[in-house]
Amino acid sequence: MGDPIFQPLPDKPDHPRLEEELLARWESERTFARLRERNRGGPTFSFFDGPVTANKTLGVHTAWGRTLKDVFQRYKALRGYDQRYQNGFDCQGLWIEVDVERRLGFNSKREIEEYGLEEFAHRCREFVVWSATELTEGSKRLGMWMDWGSDYYTFSDTNIEYVWRFLRRVHERGWLYRGHRSTEWCPRCGTSISQHELVGSYVDRADPSLFVRFPLLDRPGESLVIWTTTPWTLPANVAAAVNPDAVYGLRDTGEWVAAALYPDEQLVETLPGSELVGWRYEGPFDDLPPGAAVDHRVIPWEEVALDEGSGIVHIAPGCGAEDFELAQLCDLPVLTPVDETGRFYDDYGWLHGLSTVEAAEQIIGRLEDRGRLLEAGLYRHRYPECWRCHTPLIFRIADDWFISVTEIRQPMRDANATVEWTPPYMGLRMDDWLVNMRDWNISRRRYYGMPLPFYPCACGHLNVIGSRRELEERAVEGLEQLQELRRPWIDRVPVRCEACGEPVSRIVEVGDVWLDAGIVPFSTLGWQNDVYVPEGYATGAAKGLTRADLPDHAYWERWFPADWVSEMREQIRLWFYSQLFMSVALTGRAPFRRVLGYEKMLDEFGREMHGSHGNAIEAGEAFERMGADVMRWQYCAQPPDRDLLFGFGPADEIKRKLLRLWESVRFFVLYANIEGFRPSWDALEPDGNLEPLDRWLVERTHAFVADATAGYEAWLTVDVMRDFEAYLDDLSNWYIRRSRRRFWKGGDEAALRTLWYALVQMLRVLAPILPFVTERLWRTLVLDGPESVHLAPWPETAQPDRALLDEIAELRLVVELGRQARSAAGIKLRQPLRAAIVEGARLADEHVDEFLDELRVKSVALGGEEAPFELRVKPNLPVLGPKLGKELGPVRAALEAGEFEELPGGRFRVNGHELEPGEVLVERTGREGWAVASANGVSVAIDTALDDELRLEGEGYDLIHLVNTMRKAEGLEVTDRIVLTVPESQRALVERHGEWIGGEVLATEIRVGGDVVAIEKAP
């Protein structure tokens, strides 16, 4: 026997090794480069990669998003689209700083400054380079095709200059201002936190719950009772707020509280809240200088809640955003008790130097000693923490830089309305965010970030630098040492004020990292750039890390806006928001046409993944234990509107499904090699004399291609995977299983050609999602076509014959119901039966033999008056009751008596009413001697009676099954002939069915003797 036409496949795939081999092969054969060359000049598909933060190795969470991006870029490439494939890295801000601090053993800004900002900047860049390298290697291992080496880095001077240009434009419009307000603050990082950075940062925690007395100065023996969960704010108290429309009462202990919160108490006196307004009280810590200078009084506030606490709110404007706003309205003093590290200032006496956490215990103790503490406990609630270092946030007064959203709010909403969001509810969430968004806090008191180009002059003029060229033209000194547009070098470059000509220094703050990421659609595409500059993006810290060009404006016009972007849901208020904000500000339109969002990842049991839980999975571990294709399957089979439960348990199930695909190809290879069958790529689709089952598979393949294409076009990989699983089931469990005898007998080229066509088309459709296993199988199956499945064009097929497909779908339903009926009766499938009756399905004549063969019954009839079904119909009371009203009773009685007419489509006529399928509950059972199963208006009954002839034939099927299992265990080839020996007890079986059994097991001789079944290879 000569060399096989098709290279035989091993029993099962070793996914990790297979993938590593193909990665090397793609590299050596320049597969991706050739794909790009083929598509160059074709229609464009513009995709912007949301920059992955360069502070880690690749995790399975990040790999989810990377997979979806790769899938749709691969799909569009197969359709001939020219693409940019630019990967991005986020390189600045607290993401980077905090990790570098940990590596250096730092825990405060003071330590960074003592270390030196220049050296700290070098360490940050080194950390980014390390992470970017790790992320690149992990993404490649995942199978992600990008223009690696031409990545964008948000810390490049080019990117920074584009942000400066945006800020200059914002300033010219009058939107930029410096605000003095109470803001969320991280005491460890020493900086404010913007509204959108709070997304996902709330955690469950328990804080002290205090009820505190504030003695009234003009009503001796009486006091207000306030409730707080932040004891550290009490030294900054300036007022107590009541709801003016609520009723307040005096308890017999002399304490004023909201009456609604103490319904069981007999109150000595009650007053409306409005009459408490103006009452003066002694502050909780008037022994400290700041509190002693305050005239504490009761103020009105309609927002005071009456569902918990005491109904009287302690107001500390320096420690809360709402309190601060209230202070502006009521002309209240503002006390700022803590510095940027969250420690009390010196004028707070015995509290000075204590953190807000350390101070709480001492404050509680002082209150108790002075008789001011009424009650103390713990209160569990959701509380924000720093998204980077996880320190609980506080509120403090800060002077930050803001961009007003007043004028841009509606244009942003209008732009968002033009975007196609998948799932649609995420677009509604974006709109809700835009309705409620506050002014954008863009400044951070940190170091390794985009330096805000603001130079406020003593003359009152704010200088905003819009480019490096402008900086160089106006610089007074320091240009010779300006290595990068960042601290500390930029801090040493003062400029001349354009109003008065005096030297002026830059503020020390750096910008919000979402400015860096949001400008990407402009900085990477060369917006308003006159000349195309090769490697012009590789500037500043990015120099030497990338070959990325700085294109010209014509290039930007070609690729802007993005046709599609994708990130997880939390990016609605982060990257999607910052892009939208900056794009609307600069161009008046959205930066993307379509968005795919997806929910979060949990472990396979629905728990958050954390190292402390022992359930975190590193991407490297997942690659080694399950392989990239299995990971990609998990990601792509997930509906985007639900959390993904990721783990090794689901991976094992996916491996079993992939094994079915593998075995289907292996089955073809086995019999194609036996027959010497050599298909041709030029004659891909089978034609000529096809069996009905072949014609069905061709049409089923057409339908799979069409349906999967629709899934890709809808940006829903979950639809593609559902279509694939259904198709694979049809292919293996119907076509291959029903065609085994044709392959086994040999000489049936139509079956081989049809199966080869189906397998090849299936691989083409799956290639974007499962790039490795499809490539391995493609290189096995396709002998004279494109050498890679990723170089084959997208399959174009005729419209499927849906009528034929519906016929077979109905047949498969009928067969499945027959199997269910068998199972319910406890009769195994290998036992032949005498008869079956089908009701509710047409069962075309050409499929009767298939039905008989599948269910091993001797005859089938369509239901009639003598059908062995007992039909019971009951009213669906919650639905039918409101519809029929008083007529329900008679209808119910008629249904119970069987006095109704069954109509097509699952409807019934009774007492003059036509009842729809959802208005009734239908149950079909079998009469004695019959087993019944029903679904979708179709019922199948099987005759369960057995006679000696049927039992003997069933014994034959059992013997065939046993012998074929023994053949496999012995390692016999499918073409090997055997000599079969059966025990004396089966002599009658051999005499009656020997020829049939011998043909099924390839036995040249059947001997009778002994006590056991035995086989040996025939000479």
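The legends below describe several close-up views of one predicted model.

In this predicted model, local features are described only where pLDDT is at least 70 and side-chain atom pairs only at pLDDT 80 or more, while totals for chains, interfaces and linings use all residues. Residues are numbered from 1 along each chain as its sequence is written, and side-chain values use heavy atoms, with hydrogens and water left out.

View 1. The protein has 30 helices and 39 strands, where helices (H or I, at least four residues) and strands (E, at least two) are DSSP runs numbered from the N terminus. Its C-alpha trace spans about 115 × 80 × 55 Å along the principal axes. Of the 1019 residues, 55% count as buried; buried means under 20% relative accessible area, exposed means over 50%, and partly exposed lies in between (1.4 Å probe, protein chains only). Among contacts (heavy atoms within 4.5 Å) between residues at least 6 apart in sequence, 76% join residues at least 24 apart.

**View 2. Helices α4 and α6 at their contact.** Helix α4 (residues 94-104) packs against helix α6 (residues 117-142) at an angle of about 105°, and their axes are 10 Å apart. Axes here are lines fitted to C-alpha atoms, for helices over the stretch in contact, and angles run from 0 to 180 degrees between N-to-C directions. The angle makes α4 roughly perpendicular to α6, since angles of 65 to 115 degrees count as roughly perpendicular, those under 35 as roughly parallel, those over 145 as roughly antiparallel and the rest as oblique. From α4, the residues in contact include Ile96, Val100 and Leu104, and from α6 they include Phe120, Phe127 and Trp130. By class, this contact of α4 with α6 has eight nonpolar, no polar and five charged residues; Ala, Val, Leu, Ile, Met, Phe, Trp, Tyr, Cys and Pro count as nonpolar, Asp, Glu, Lys and Arg as charged, and the others, Gly among them, as polar.

**View 3. Helices α29 and α30 at their contact.** Helix α29 (residues 948-970) and helix α30 (residues 987-1001) pack with their axes 10 Å apart and at an angle of about 40°, and α29 and α30 are therefore oblique to each other. Among the residues that make the contact are Leu952, Leu959 and Val963 of α29 and Leu989, Trp996 and Ile997 of α30. The contact of α29 with α30 divides into ten nonpolar, three polar and six charged residues.

View 4. Three strands form an open sheet in the order β16-β25-β24, and their pairing is parallel; two strands pair if DSSP finds at least two bridges between them. At the edges stand β16 (420-422) and β24 (565-568), each with a single partner strand, so one side of each is left without a neighbour in the sheet. From one strand to the next, the twist averages 20°. Three bridges join β16 to strand β25 (residues 594-598), and the bridge partner of threonine 422 in β25 is leucine 596. Helix α17 (residues 575-587) packs on the sheet and touches β16, β24 and β25, its direction making about 140° with that of β24. Helix α3 (residues 60-78) lies across β24 and β25, and runs at about 145° to β25.

**View 5. An antiparallel sheet of four strands.** The open sheet shown here has the strand order β5-β4-β15-β17, with antiparallel pairing. Its edge strands, β5 (191-192) and β17 (440-441), each pair on one side only. Strand β15 (residues 394-403) pairs with β17 over two bridges, and isoleucine 403 has tryptophan 440 as its bridge partner in β17.

**View 6. Threonine 754 and its surroundings.** Threonine 754 lies in helix α23 (residues 749-766), and at 0% relative accessibility this threonine 754 counts as buried. Leaving out residues up to four places away in sequence, threonine 754 touches Pro686, Leu690, Asp694, Leu697, Val698 and Tyr735.

**View 7. Proline 793 in its loop.** Proline 793 is found in the loop between α24 (771-781) and α25 (802-825), where proline 793 is partly exposed, with a relative accessible area of 43%. Apart from its neighbours within four places in sequence, proline 793 is in contact with Arg38, Leu78 and Arg764. Proline 793 and arginine 764 are 29 residues apart in sequence and 8.2 Å apart in space, C-alpha to C-alpha.
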